[in-house]
Amino acid sequence: MLMGDMLATHEARLLATAGIVLIMACADSPTGDVSDARRLSAEFTEDFQIGDDPSERQFVRISSMAFAPDGHLVVVDRDDFAVVVLDRDGREALAWGGEGEGPGEFETEPNHLAVSDEGNVAVSSFRRVDVFTPDGAPVGQHLLDDLSVDEVAFDQNGDVVAGVTSGGGLFSREESHTHLMRLRDRDTLWSFAPIPPQPNLAFFLAGTLIARLDDARVATAMDDRYEIDIRDGSTGRVVGRVTRNTLPRTVTEELKTGTREAMIGVAGDNSSTAEVYESMVFGESLPVFAGIFLGPPNGAVWVRRGIGVGDELAPPVGNVVGEWSLQLYDIFDGDTYEYIGTVEAPEGLSLMAGDSDSERVAGVHRDPLGVHSVRVLRVGVEGR
């Protein structure tokens, strides 16, 4: 059975259908009664939106963004192999990249970025990390051999730290192991417990989260529980914890059955693919997190909630495709990590970055046709 060919053909349909089934099959009501949940009133006022007008730069698939010290927004357009810098008014100030092996180009799709306090930009792309000056000039590169890299960050010394993974992968018979690593000397600052090998197609298994907060702090978590450790970016030492008293939503038997049947339907007459879907396995808990960043007010920690958070604020799922979306963000004090409350972002907007000094947040907006655009808004949070 040619797994690589099958995945290349069916990956997009598989992910889309899995999302549809998840929407249709999850329970309508959250699990448990959580006493600390509270909704905050948030007013979002648009600064600018770029990419929805054909006369503007068109983005293909935005995967990461971060505010620079000068207030500009740095964006990774993964499928266009591009890094784009937008000024405070949304004008394109700078862009670099392209597919290739030349200076400033990427051999594989760029994925995540980080911007240091000095404005330097680190960009990850599969097995390497490139470092650029604020003007986009390449000044360094870290080749990671057999390690794959995802999230990147700068520590307070200006060194690049990253979440790197060894082994594992889809249909792998090897365990995967994710580490927080300083790339200059390959020093492992901290490691997650190994994830057992999974030779079958798997849904809803516990995954890892590594996210940059600032040049001093990195967040690490497993996405099957609401516990996020805040670590010193230079040493990996825990300096705080973000947590809430909330129960996770579980993966129901109806969800498992519905997912399997939908995947087999995608396979059609391809018996080898249908066999893979027939043998798929499932975890027990739905993902609790979908992202984390610092934002207003005053450097607060914003946690984008996944479908797995069960509290009285969680929206009903229902059984109609498209009724449910990840629009809720839990906000925590950036110093004490105490829970402040929960806000709801505008429909269709996935927030990725915040600028505490100007009370701005930025994210990707997806229209009904799936077109990506960059949206920057000012946010005022009331009811603290």
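**Arg57 and Glu92.** I looked up this pair and found their side chains meeting in a salt bridge, 2.7 Å from N to O. I noted the cut-off: a side-chain nitrogen of Lys or Arg within 4 Å of a carboxyl oxygen of Asp or Glu. The model is predicted, with local features needing pLDDT of at least 70 and side-chain atom pairs 80 or more, while totals for chains, interfaces and linings use all residues. Residues are numbered from 1 along each chain as its sequence is written, and side-chain values use heavy atoms, leaving out hydrogens and water.

Arg57 sits in the loop between strand 1 (41-50) and strand 2 (62-67), and Glu92 in strand 5, 35 residues apart. Strands here are DSSP runs of E, at least two residues, numbered from the N terminus.

**Buried or exposed?** I checked accessibility, where buried means under 20% relative accessible area, exposed over 50% and partly exposed in between (1.4 Å probe, protein chains only). Arg57 is partly exposed at 24%, and so is Glu92 at 43%.

**Glu107 and Arg128.** I found another salt bridge here, with the closest N and O atoms 3.4 Å apart. Glu107 lies in the loop between strand 5 and strand 6 (113-115) and Arg128 in strand 8, so the pair ties together parts 21 residues apart in sequence. Glu107 is partly exposed at 46%, whereas Arg128 is buried at 9%.

**A network.** Which residues are linked in a network of salt bridges? I listed Asp36, Arg244, Arg305, Asp311 and Asp330. For the whole structure, I noted 30 salt bridges.

Key:
Helix = DSSP H or I, 4+ residues; strand = E, 2+ residues; numbered from the N terminus.
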